[in-house]
Amino acid sequence: MTHRIAFQGELGAYSHEACRNARPDMDALPCATFEEAIEAVNSGGAAQAMLPVENSTYGRVADIHRLLPQSGLKIIDEAFVRVHINLLTVPGAKLEDIKEAYSHLVLLPQCAGFLTKHRIKGRVSPDNARAAREIAEQGDIHTAALASELAGEIYGLDVMARHIEDHGNNTTRFLIMAPDAQMKRRDIGHGMITSFVFQVRNIPAALYKAMGGFATNGVNMTKLESYMVDGSFTATQFYAEVEGHPEDKNLQLALEELGYFTNTVEILGVYPAAKSRHVD
């Protein structure tokens, strides 16, 4: 199998940065959509996929939890990227030359203070890495891109100003997916995480009862999110993450109890908690 890791976006995107940081020995494969990144792994075009699942500022990534159970892939690791935004310009440009800066819609408000101070108008681009590529192709000293330093490196742009975001705690969490689960304990000092999806039975207080086993067995649930199944208002699936390994006795008991109140339970992955999870 090819030694590549697929991601959604163009070269220089923050997902590409996540690939480089977490899998520096693998070649990054850009894909137009999340579905294409998943298919690249299923077809053998890539060994793994890097998928963003949530952002500390904007919450969960739309549709990603719907895709995970259907992907045919398993979670083998997690990764975090601090989203540092930089003003990228063509070589030779000066800060006073810049009149417009292009980036993704969600990045522009995060640089409002800097843009206002320097009287730069924010312009929307479908992708921050694409903005960097197009700025490089156009060669206009009056336009800039708001993107990662990696994008500047790839497209030959200068970093006119670094880390210009108004708040420096914007972080995106990624899940690394592969065809086969890695159930072996790989605790690197921060514990293990087990991710799973389930659907509760259609009985009164089913969710409350299903969650009770985790509380009584001392299992810390770090995430519980719901989403509709096939657009139905009556069919709800839940995505959950808990601390621990399925071989831990307390988690075994909690999952057994969960089974009494659910129609389906599927473990999506068992992986070590990243160090960045515990960094403020």
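**Entry 1**

I started at alanine 205, which sits in the loop between β12 (192-200) and α7. My strand and helix labels are DSSP runs numbered from the N terminus: helices are H or I with at least four residues, strands are E with at least two. Alanine 205 has a positive phi of about 60°, although it is not a glycine. Buried or exposed, or partly exposed? With a relative accessible area of 44%, alanine 205 is partly exposed. The cut-offs I use are under 20% relative accessible area for buried, over 50% for exposed, and partly exposed in between, with a 1.4 Å probe and protein chains only.

A note on what I'm looking at: this is a predicted model, where local features need pLDDT of at least 70 and side-chain atom pairs count only at pLDDT 80 or more, while totals for chains, interfaces and linings use all residues. Residues are numbered from 1 along each chain as its sequence is written, and side-chain values use heavy atoms, with hydrogens and water left out.

**Entry 2: another positive phi**

I also looked up histidine 163, in the loop between β10 and β11 (171-178). Histidine 163 is not a glycine either, yet its phi is positive, about 50°. It counts as partly exposed because its relative accessibility is 39%.

**Entry 3: the whole chain**

I counted 8 helices and 15 strands in the protein chain. Its C-alpha atoms fill a box of roughly 65 × 40 × 40 Å along the principal axes. Of the 280 residues, 47% are buried. I then checked contacts (heavy atoms within 4.5 Å). Among those with a separation of 6 or more, 74% come from residues 24 or more positions apart.

**Entry 4: two helices side by side**

Next I went to α7 (residues 206-216) and α8 (residues 249-260), which pack at an angle of about 170° with their axes 8 Å apart. Axes here are lines fitted to C-alpha atoms, for helices over the stretch in contact, and angles run from 0 to 180 degrees between N-to-C directions. So α7 and α8 are roughly antiparallel to each other, a label for angles over 145 degrees. Which residues of α7 and α8 meet? On the α7 side I noted Lys209, Met211 and Phe214 among them, and on the α8 side Leu251, Leu255 and Glu257 are included. The residues of this contact divide into 7 nonpolar, 3 polar and 2 charged. In that scheme, Ala, Val, Leu, Ile, Met, Phe, Trp, Tyr, Cys and Pro are nonpolar, Asp, Glu, Lys and Arg are charged, and the others, Gly among them, are polar.

**Entry 5: a sheet of 5 strands**

I traced an open sheet with mixed pairing and the order β8-β7-β9-β6-β10. Its edge strands, β8 (121-124) and β10 (158-161), each pair on one side only. Strands pair if DSSP finds at least two bridges between them. On average, neighbouring strands of this sheet are turned by 40° against each other, direction ignored. Inside it, β6 (residues 86-89) and β9 (residues 143-147) run antiparallel and are joined by 3 bridges. Leucine 88 has alanine 145 in β9 as its bridge partner. Helix α5 (residues 128-138) lies across β6, β7 (100-103) and β9, at about 155° to β9.

**Entry 6: leucine 29**

Last, I checked leucine 29 in strand β2 (residues 27-31). It counts as buried because its relative accessibility is 17%. Leaving out residues up to four places away in sequence, leucine 29 touches Arg4, Ile5, Ala6, Phe7, Ala40, Gly45 and Ala46.

Key:
Parallel < 35°, antiparallel > 145°, perpendicular 65-115°, else oblique.
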